[in-house]
Amino acid sequence: MKTVGSHSFLLFILVLVAGGILGGILGDVASGMHPGNLMPILSQHYEIFNIKNVDLNAYIMQIRFGIRFAPNVLSILGIIVAFIVFRRIR
């Protein structure tokens, strides 16, 4: 049985992920433009963690796991803006 609080938490995570994705897209689009020396810094990816691919062979199927989190500065700003917007609408 789901409670109202779990919906709020899922919405919070969804808003943060959407902010990060939109910021990342904006950073990739902005990396093509060269208006100054600031754009390479804003669009450079900074690797926070990287779990290399781990293969699990179960003899009838093979599963590969791995995760990499390497946001750019604009995606981090997108997450911060999404957090502020979420706090204001809640």
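# Chat about a predicted model

Colleague: Which residues of α3 are buried?

Modeller: In this predicted model, the buried residues of α3 are L74, S75, G78, A82 and F86.

Colleague: How do those buried residues sit around the axis of α3?

Modeller: They fall within an arc of 115 degrees when you look down the axis, so they line one face of the helix. There is a general point behind that. An α-helix has 3.6 residues a turn, so residues three or four places apart point the same way.

Colleague: What does the face turned away from the buried side carry?

Modeller: That face of α3 carries the exposed residues R87 and R88.

Colleague: How many residues does α3 have, and how far does it reach?

Modeller: Helix α3 covers residues 73–89, which is 17 residues. From first C-alpha to last it reaches 24 Å. That is close to the 24 Å expected at 1.5 Å a residue.

Colleague: Back to S75. What does it touch?

Modeller: Leaving aside residues up to four places away in sequence, S75 touches G19, G20, G23 and G24. S75 itself is in helix α3. Its relative accessibility is 6%, and buried means under 20%, so S75 counts as buried.

Colleague: Let's zoom out. Which elements does the chain have, and in what order?

Modeller: The protein chain has 3 helices and 2 strands. From the N terminus on, they run α-α-β-β-α.

Colleague: How much of the chain is buried?

Modeller: Of its 90 residues, 20% count as buried. The accessible surface of the chain comes to about 7300 Å². Carbon and sulfur atoms hold 70% of that surface.

Colleague: And the contacts? What share comes from residues 24 or more positions apart?

Modeller: Those account for 56% of the contacts with a separation of 6 or more.

Colleague: New topic. Which residues form the nonpolar patch on the surface?

Modeller: The patch is formed by F9, L10, I13, V17, I21, L22, I25, V29 and M33. Together they have about 870 Å² of accessible area.

Colleague: Take I25 from that patch. Where is it found?

Modeller: I25 is in helix α1, which spans residues 4–31. I25 counts as partly exposed because its relative accessibility is 47%.

Colleague: How many salt bridges are there?

Modeller: The structure holds 2 salt bridges. As a general rule, side chains of opposite charge can pair when their charged atoms come close. R68 pairs with E47, and their closest N and O atoms are 3.4 Å apart.

Colleague: Where do R68 and E47 lie?

Modeller: R68 lies in strand β2, and E47 lies in the loop between α2 (39–43) and β1. So the pair ties together parts that are 21 residues apart in sequence.

Colleague: Are those two buried or exposed?

Modeller: R68 counts as exposed, at 54% relative accessibility. E47 counts as partly exposed, at 47%.

Colleague: What about R64? Which residue does it form a salt bridge with?

Modeller: R64 forms a salt bridge with D55. The closest N and O atoms of that pair are 2.8 Å apart. R64 counts as exposed at 55% relative accessibility, while D55 counts as partly exposed at 44%.

Colleague: Last one. What is the phi of Y59?

Modeller: Y59 has a positive phi of about 65 degrees, although it is not a glycine.

Colleague: Where is the place of Y59?

Modeller: Y59 is in the loop between β1 (49–57) and β2 (62–69). At 78% relative accessibility, Y59 counts as exposed.

Note on methods: Residues are numbered from 1 along each chain as its sequence is written. This is a predicted model: local features need pLDDT of at least 70, side-chain atom pairs count only at pLDDT 80 or more; totals for chains, interfaces and linings use all residues. Side-chain values use heavy atoms; hydrogens and water are left out. Helices (H or I, at least four residues) and strands (E, at least two) are DSSP runs, numbered from the N terminus. The expected span of a helix is 1.5 Å times one less than its number of residues. Buried means under 20% relative accessible area, exposed over 50%, partly exposed in between (1.4 Å probe, protein chains only). The arc is that of the directions from the helix axis to the C-beta atoms. Patches are made of residues with over 30% relative accessible area and no salt bridge: like charges are joined within 9 Å, nonpolar side chains (Val, Leu, Ile, Met, Phe, Trp, Tyr) within 5 Å. Accessible areas come from the Shrake-Rupley method with a 1.4 Å probe; for residues, only the protein chains shown count as cover. A salt bridge is a side-chain nitrogen of Lys or Arg within 4 Å of a carboxyl oxygen of Asp or Glu. Contact means heavy atoms within 4.5 Å.
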